[in-house]
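Me: I am new to this structure and would like to learn how to read its features one at a time. Could you take me through them slowly?

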Amino acid sequence: MPPYPILIRDLDDALAAAAAADALAVPLTLMAPEGCGALWLLELLERVRRAHPRLEVAALLDCGDRAGEAQGALAAGVPQLLFTGRADLAERLAAIAAAGGATLLTCCPPLLDLGACGLAEGQGLRRRSAREALCRDWLSGSQGQPGTTAFSHSAAAQRWCKFT
């Protein structure tokens, strides 16, 4: 999985993240929150790929503890899933994922949650620019390295974002 996933909630979030990744020439993982659904994520991924054809972009779907949703997402072609349910179900899902060339994660990687950034709706270009700047900081590693216990937040990120 490419590093530094970004949790998105709509096409605008995804396009801001893609613009930042494209500008930095780094791969991007877009993560959909629980309840968004496989088909929504795959359509969003296709739109991002059309808008940024040179960008290496992957999708990660949070299925929570819902094994049925995870199995359906694998059948739909979602390449990466997060499943936080029972270990025995995770083992079965991991085998199904591996057989289909997909990846199953059982714990959430460090991520940037654009929905927690506090950027009010309706701010237009200012909001888009702020989201892109946050994504650039995150993707460039200036917010700390995933897997460490401490993140060094820029002043702008501390005002706007919650990092999980």
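Me: Which residues does Cys108 touch, not counting residues up to four places away in sequence?

Reply: This is a predicted model, and in it Cys108 touches Met31 and Leu82 once the residues up to four places away in sequence are not counted. Cys108 lies in the loop between β5 (103-105) and β6 (112-113), and with a relative accessible area of 42% it is partly exposed.

Me: What share of the contacts in the protein chain with a separation of 6 or more comes from residues 24 or more positions apart?

Reply: Such pairs account for 61% of the contacts in the protein chain that have a separation of 6 or more. As for what the chain is built from, it has 6 helices and 6 strands, and from the N terminus on these elements run β-α-β-α-β-α-β-α-β-β-α-α. Of the 164 residues in the protein chain, buried residues make up 42%.

Me: Is Ala16 buried or exposed, and which residues is it in contact with beyond its neighbours within four places in sequence?

Reply: Relative accessible area is the value to read here, and residues under 20% count as buried. Ala16 has a relative accessible area of 2%, so it is buried. Ala16 has its place in helix α1, and, leaving aside the neighbours within four places in sequence, it is in contact with Arg131, Glu132 and Cys135.

Me: What is the relative accessible area of Leu24, and which residues does it touch?

Reply: Leu24 is found in helix α1, which covers residues 11-24, and its relative accessible area of 32% makes it partly exposed. Not counting residues up to four places away in sequence, Leu24 touches Arg136, Leu139 and Ser140. For Ser140, the C-alpha distance to Leu24 is 7.5 Å, although the two are 116 residues apart in sequence.

Me: What is the phi of Ala25, and where is this residue found?

Reply: Ala25 has a positive phi of about 60° although it is not a glycine, and it is found in the loop between α1 and β2 (28-32). At 70% relative accessibility, Ala25 counts as exposed.

Me: How are two packed helices described?

Reply: Two packed helices are described by the angle between their axes and by the distance between the axes. In this model, α1 and α2 pack with their axes 10 Å apart and at an angle of about 40°, and these two helices are therefore oblique to each other. The crossing of α1 and α2 is right-handed. Where they meet, α1 brings Leu11, Ala14, Leu15 and Ala18, and α2 brings Leu44, Arg47, Val48 and Ala51. The residues of this contact of α1 with α2 divide into 7 nonpolar, no polar and 1 charged.

Me: At what angle do the axes of α3 and α4 cross?

Reply: The axes of α3 and α4 cross at roughly 5° and come within 10 Å, which makes α3 roughly parallel to α4. In α3 the residues Ala67, Ala70, Gln71 and Leu74 meet Leu89, Leu93, Ile96 and Ala97 in α4. The residues of the contact of α3 with α4 divide into 7 nonpolar, 1 polar and no charged.

Me: Which residues of helix α3 are buried, and why are they on the same side of α3?

Reply: In α3, which covers residues 67-76, the buried residues are Ala70, Ala73 and Leu74. They are on the same side of α3 because they cover an arc of only 100° around the axis. These buried residues of α3 pack against α2 (38-51), β3 (57-62), β4 (80-82) and α4 (87-99). On the face of α3 turned away from its buried side are the exposed residues Gly68 and Ala75.

Definitions and conventions:
Residues are numbered from 1 along each chain as its sequence is written. This is a predicted model: local features need pLDDT of at least 70, side-chain atom pairs count only at pLDDT 80 or more; totals for chains, interfaces and linings use all residues. Side-chain values use heavy atoms; hydrogens and water are left out. Buried means under 20% relative accessible area, exposed over 50%, partly exposed in between (1.4 Å probe, protein chains only). Helices (H or I, at least four residues) and strands (E, at least two) are DSSP runs, numbered from the N terminus. The arc is that of the directions from the helix axis to the C-beta atoms. Contact means heavy atoms within 4.5 Å. Axes are lines fitted to C-alpha atoms, for helices over the stretch in contact, and angles run from 0 to 180 degrees between N-to-C directions. Angles under 35 degrees count as roughly parallel, over 145 as roughly antiparallel, 65 to 115 as roughly perpendicular and the rest as oblique. Ala, Val, Leu, Ile, Met, Phe, Trp, Tyr, Cys and Pro count as nonpolar, Asp, Glu, Lys and Arg as charged, and the others, Gly among them, as polar. A crossing is left-handed if the near helix is turned anticlockwise from the far one by less than a right angle, and right-handed if clockwise.
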